[in-house]
Amino acid sequence: MNSDYTNGMGYAKNMDEQDVLRSYKSRFDIKENQIYMDGNSLGLSSIDAKEALDEAYEAWKNEGIQIWGTENGKYFKYSQTIAEQIAPLIHSDVDEIAVMGSITTNIHQALSTFYKPDASRYKIIVDELNFPTDIYAVKSIIALKGMNEEDVLVKIKSEDGRTLSEDAIIAAMSEEVALILLPSVLYRSSQLIDMKRVTDAAHDKGILIGWDLAHSIGAVPHDFKSLEPDFAVWCSYKYLNGGPGATAGMYINKKHFGISTGLKGWFGNKDSSQFAMDHNFDQDLTAGGLLQGTPNIFSMAPLLGSLKPFNEAGMQALRKKSLELTGYMMFLIDERLSAYGFAIGSPREDDRRGGHVALEHDEAYRISLAMRDFGVIPDYREPNVIRLAPVPLYIGYEDTYRVIESIERIMKEKIYETYALDRVTVL
Ligand SMILES: Cc1ncc(COP(=O)(O)O)c(C=O)c1O
């Protein structure tokens, strides 16, 4: 953590002036008098995203059915068109990426493709802190194979309820384990797992491993050419700013090209034979073979625009600012909020933290409601976590300072006590 942080607005303003990424903010739809700290849940819309969506709409309007053939098949091969922009974020080859589905459906695709239990190797390692949908998908494949959860699932426990120990994950890698599915960054605490150590250990033991990058893609640079996971999945609506329900993505390592796709569809067919309308699936041997149906053009188009700033600024610069801002936020929490019963649920070490800070408090729910009335949009997760994401493309030092200042006022004047305790769904 940077030791030069200073508690005061002057420092924040000065840092914003020096920020080489500050111009990107003007490309986002920032509301006046609002500080949007929820980009870890749903990223903001932008001029870039709108332009790309408008362009796709115009293509449909002007071309009708011929949209599929226009611009050298750009829309027909839309997964690949977008994969070209995503590949630098994870440092993979373009043909290792399929842009499709949602995280949930892509985990189903990955498991149905890779999980081939036999009498000796059949266990699946997951963790008790993962997002529920990942676990539902794993339980589905177990049921579809006619197996029992108790026999198959190995759930890594957390010692502190916030983080996972890489040692514990590695210790669970017995000879009976066939596959591992873990999050790269934990959705609640923001812990960044040592993916390299865990992936290497899995491979040493002959285990397939896949990562859910929901909370790291666009926030943390990945180097898949060095990491070489077997597969990965991600969504595009959080840090990638692709819009609500934007089409997700999936990575499959080159070494698995040609593995028979679990859930087949006609867009996974080779281009050359797709329109032969043969009932025998002629699988595209790259990640394209994982594709299923017709690309969801309007759930994908905004991504073509929203990915531009990532490739202009570069993931290293974005990560540097993100770490500085989360570090600054934790510094301010220590300085300004320590009297009010808060705890920081995120790792302090830069190499163990993703793009958000987990602020814990018994009254987190009512505090998060009060924050909204102060123009700060946080994110609340039961039972006690406020997640705050200073997204480097559109949040600055002054914003971060104002967020903590608002929380301090809410606590000092006990403003949160004026809110009802009854839960309404807070998204
Ligand atoms: C780790 C993780 N996986 C999956 C999801 C959601 O999956 P989907 O994109 O299918 O809705 C989330 C949503 O926040 C998540 O945090």
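This is a predicted model: local features need pLDDT of at least 70, side-chain atom pairs count only at pLDDT 80 or more; totals for chains, interfaces and linings use all residues.
A residue is treated as buried when 20 or more other C-beta atoms lie within 10 Å of its own, and as exposed when 12 or fewer do so.

After H2 comes Gly64, whose phi is positive, near 55°.

At the level of the whole chain, the model contains 16 helices and 13 strands, and 48% of its 427 residues count as buried. For a chain of 427 residues, a compact globule would have a radius of gyration near 22 Å, and the value of 22 Å found for this chain agrees with that expectation. Along its principal axes, the C-alpha trace spans about 70 × 55 × 40 Å. Of the contacts between residues at least 6 apart in sequence, 73% join residues at least 24 apart.

The chain is divided into domain 1, which is made up of residues 9-30 and 314-418, and domain 2, which covers residues 50-311. The C-alpha centres of the two domains lie 30 Å apart, and 22 residues of domain 1 are in contact with 17 residues of domain 2. On the side of domain 1 that touches domain 2, helix H14 (315-337) and strand S10 (357-360) each supply at least two residues, and H14 gives the most, with five residues. By class, this side of domain 1 has nine nonpolar, seven polar and six charged residues.

Helix H16, spanning residues 397-412, has 16 residues and reaches 22 Å from its first C-alpha to its last, close to the 22 Å expected at 1.5 Å a residue. Its buried residues are Tyr397, Asp399, Thr400, Tyr401, Val403, Ile404, Ser406, Ile407, Ile410 and Met411. The elements that cover these buried residues include helix H1 (9-18), strand S1 (35-36), H14, helix H15 (364-373), strand S11 (376-377) and strand S13 (385-388). H16 is followed by Lys414, whose phi is positive, near 50°.

Leu227 lies in helix H10, which comprises residues 224-227, and it counts as buried because it has 20 C-beta neighbours inside 10 Å. When its neighbours within four places in sequence are left aside, Leu227 is in contact with Met195, Lys196, Thr199 and His222. The C-alpha atoms of Leu227 and Glu413 are separated by 49 Å, and the two residues are 186 residues apart along the chain.

Note on methods:
Residues are numbered from 1 along each chain as its sequence is written. Helices (H or I, at least four residues) and strands (E, at least two) are DSSP runs, numbered from the N terminus. The radius of gyration is taken over C-alpha atoms; the globule rule is 2.2 Å times the number of residues to the power 0.38. Two residues are in contact if their C-beta atoms, placed from the backbone, lie within 7 Å. Domain bounds come from an automatic or database domain assignment. Ala, Val, Leu, Ile, Met, Phe, Trp, Tyr, Cys and Pro count as nonpolar, Asp, Glu, Lys and Arg as charged, and the others, Gly among them, as polar. The expected span of a helix is 1.5 Å times one less than its number of residues.
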